[in-house]
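Student: I'd like to learn how to read pockets, cavities and helix packing. Please take me through them one at a time.

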Amino acid sequence: MADVDASAAQRLPNSLVLTFDNLGEAAALERGENVVALGRDPSVTVALPWVLDQLDRHGLTATFFVEAVNCQRYPDAVREIAARGHELGHHGWGHETWRDLSPQEERDALTRGLEAFAGLGLRPSGFRPPGGELTPSTPALLREHGLDWCSPEGREYELRDGLVYVPFDWELVDAYHLMDSFAALRISRGDREAPREPAELADWLAHRLAAGGRHTLILHPFLMLDDAWASGVADVLSSVGELARDGLTSVVPGGVLADWLRGALAS
C-alpha cells in the first residue's frame, strides 16, 4: 500500500527527471560480447565528456546510473560526473539482469557496489535495476542499506514503506526506439517493430516532453557514439534546456524529485 495518494503526487510540478544509464563495457560484458579495448571504452572516453559539456551548455543537472564496477575501471570518470554537479545512482555491479538474481546474488551486487562507490568517497541514494525490474526483495534491501529512492519501469510516482519510486516508461528510453534488440518489446507494447531514425526520435521526444506532465527520460552515452543520434541528443537537450529556462518544466535529478514527493506527503 502506497504512503502517498494520487492527490499528493499530483501536487508535484511539471517535471522531467533527466537520467543517463550505463558506462563503459559493463553491459557488453554481461551480454557475453568480446571486448577488445577493456578500460578504454569510447562511451567513457568520447561520449561521456561530450554529454557533460552538453549538460553544462544548457544548464542541466542529471542523474547518471552507473554500474559500480566502473568505480574500479574508470574512477576518474565517475568522480568527474560528481564533480560536475550531477547525481550518481547505483545501477548494479556489472549490469546484471536484476530480476533474475537470487536473493544472495542481489545482496552481493548491491553491497559490493556501494563499497566501490564509497571507495571514491561517493554515496548513491538512488537505484535503478538493470533491465528495469526489481525483485520482491529489492525494496527492503535498498532501505536496509540506506538508499531512499528507486527508478524501476512503471507509472506510479509514490512513497511506499519509506522508499520513493521515481519510475520510467519505455517510451522515454532512447535504446527502446533505436536498437533492434528491443523489437520484441516494441511489438508487445503495440509499437512498430522497426527502429526509429535518430532525427525522427529526437523530434518526437522534444514534442512529447514539451506536452508537460511528469516524466523520466533515459539516454545512453554509448548510443551517442553514432553521430546521427549525438546530433539528436544535442537537439533534445537544447529543447529540454529551453523548457527549463522558460519555467515550463522543472528538469531535475531523481533525488530532487524524490525529495519533492516526500514534501508533498508532508504538506
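Student: Which strand gives the largest share of the lining of the second largest pocket?

Tutor: A quick word on the model before that. It's a predicted one, where local features need pLDDT of at least 70 and side-chain atom pairs count only at pLDDT 80 or more, while totals for chains, interfaces and linings use all residues. Residues are numbered from 1 along each chain as its sequence is written, and side-chain values use heavy atoms, with hydrogens and water left out.

Now, a pocket is an open set of points on a 1 Å grid over the protein atoms alone, with protein on both sides within 12 Å along at least five of seven lines; lining residues have an atom within 4 Å of a point. Here, strand S8 (residues 214-219) supplies three residues, the largest share of that lining. Strands (E, at least two residues) and helices (H or I, at least four) are DSSP runs numbered from the N terminus.

Student: What is the volume of that pocket, and which residues are closest to its centre?

Tutor: Volume is the space filled by probe spheres set on the points, which are joined across faces, edges and corners. For the second largest pocket that comes to about 240 Å³. Its lining has 13 residues, and Gly154, Arg155, Asp169, Arg214 and His215 are closest to the centre. By class there are six charged, four nonpolar and three polar residues (charged is Asp, Glu, Lys and Arg; nonpolar is Ala, Val, Leu, Ile, Met, Phe, Trp, Tyr, Cys and Pro; the others, Gly among them, are polar).

Student: How is the lining of the largest pocket divided by class?

Tutor: You'll find 12 nonpolar, eight polar and five charged residues there. The largest pocket holds about 620 Å³; of its 25 lining residues, Arg31, His95, Gly131, Trp170 and Phe182 sit closest to the centre.

Student: How many cavities of 30 Å³ or more are there?

Tutor: In a cavity, a 1.4 Å probe fits but cannot get out. The search of the whole structure turns up one of 30 Å³ or more. The largest cavity contains about 30 Å³ of space, and its lining includes Ser15, Leu16, Leu209 and His215. That lining has five polar, three nonpolar and no charged residues.

Student: At what angle do H10 and H11 cross?

Tutor: Axes are lines fitted to C-alpha atoms, for helices over the stretch in contact, and angles run from 0 to 180 degrees between N-to-C directions. Helix H10 (residues 198-210) crosses H11 at roughly 15°, with the axes coming within 8 Å. So H10 is roughly parallel to H11 (angles under 35 degrees count as that). The contact has 12 nonpolar, two polar and no charged residues.

How values were computed: Parallel < 35°, antiparallel > 145°, perpendicular 65-115°, else oblique.
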